[in-house]
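Here are a few friendly notes to read alongside the structure. Please take the points in order.

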Amino acid sequence: MRIDRLELVNYRNYESLELNFSPEINVFIGENAQGKTNIMESLYVLSMAKSHRTSNDKELIRWEAEYGKIKADVYRKYGKLPLEITLSKKGKKAKVNHLEQRRLSDYIGQLNVVMFAPEDLHLVKGSPQVRRRFIDMEIGQISPVYLHDLVTYQKLLKQRNHILKQHYGKQTINDVMFDVYTEQFIEAAVKIIRKRYQFMKLLQKWAEPIHHGISRGLEQLQIRYQPISGLKPEWTPEEMASFLEQKLIEVRKREIERGVTLVGPHRDELQFFVNGYDVQTYGSQGQQRTTALSLKLAEIELIKQEVGEAPVLLLDDVLSELDDYRQSHLLNTIKGSVQTFVTTTSVEGIQHETIQSARLFEVSNGKVKA
């Protein structure tokens, strides 16, 4: 898939912007704080209907404007697909082929992107929340049902926590709704856990040989999804639900004391091992970066397999963070196969032919010149 044309109206520092892109490599060059990342972010929002930089959509709308808009002509294997996201103080509206979508989960998946930014290099050593978000965003692109289940789970978690807070300091909970929410919570949790296991298995399949290649055959990467302690991936949904129910009974008293749900996918962890050692704890910075790069390249292959088309790759100020060897490996992998958008302060020092043949855009003070 590829993005042919982009139009921004009142988006961040752009009052109005129209760009036509190369189907291969597009490079945005400029100093920091000029608006390069805003273009990259708009492409991500067009795909995921949310920003990777902020949870507050109002920040995406140009200062003192009533609304912001992102429009693009996307080409999939079956032809042209116009996409549109409108942001306002009242919320978001998404259109596919000029038709407004009833739910955002119906919209997501029309355009698949893989974003690689400096913060993704912290995927390995960052907080568990960063890794859970990584899992959820990537599965959500290839499985709209997962997004629906995740929204359901988060609502039930909120409702369950609300009742727990109301019973703070008490010994027990005598509330019929709490039992109803807990039953539904377990059902949604099992769906999420099972889907995450499936995704991790696929990610492992692609990431392991990629990591092995980048490390020149010296390292073996293993990805381990860690849900509730003791839960087994081979269990049936019924066995998982029964196990989760028992765990929630065991921690009930502590949940009332703390006013929060202590067991569930919102507390799961993702671990990475290189040659049997935990990369987060024992890995060098180079190993952590190779692991992050391997995951991103594996994402491209995974989406290609699941969707039948390569996603669009967004490299936001990340090339300068990689050494020459990892940089070359990344550019060799994407050469001619993935439409790519790159932001950088300079292309000097990047000798790779992929960059040399790219369409260049100069960005300065919210103005873009092709």
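1. A word on terms to begin: two strands pair if DSSP finds at least two bridges between them. Helices (H or I, at least four residues) and strands (E, at least two) are DSSP runs, numbered from the N terminus. This is a predicted model, where local features need pLDDT of at least 70, side-chain atom pairs count only at pLDDT 80 or more, and totals for chains, interfaces and linings use all residues. Residues are numbered from 1 along each chain as its sequence is written, and side-chain values use heavy atoms, leaving out hydrogens and water.

2. Start with strand E1 (residues 2-11), which is joined to strand E4 (residues 67-76) by 7 bridges, the two running antiparallel. Arg5 has Asp73 in E4 as its bridge partner.

3. Now for the sheet around them. Its 6 strands form an open sheet in the order E2-E1-E4-E5-E6-E7, with antiparallel pairing. At the edges are strand E2 (14-20) and strand E7 (99-100), each pairing on one side only.

4. Which residues of H1 meet H3? They are Tyr44, Ser47 and Met48, and they meet Arg133, Met137 and Gln141 in H3 (contact means heavy atoms within 4.5 Å). Helix H1 (residues 36-48) and helix H3 (residues 128-142) pack at about 60°, their axes 11 Å apart. Axes are lines fitted to C-alpha atoms, for helices over the stretch in contact, and angles run from 0 to 180 degrees between N-to-C directions.

5. Finally, look at Gly230, in the loop between strand E9 (221-226) and helix H6 (237-250). Gly230 touches Trp235 and Phe243, not counting residues up to four places away in sequence.
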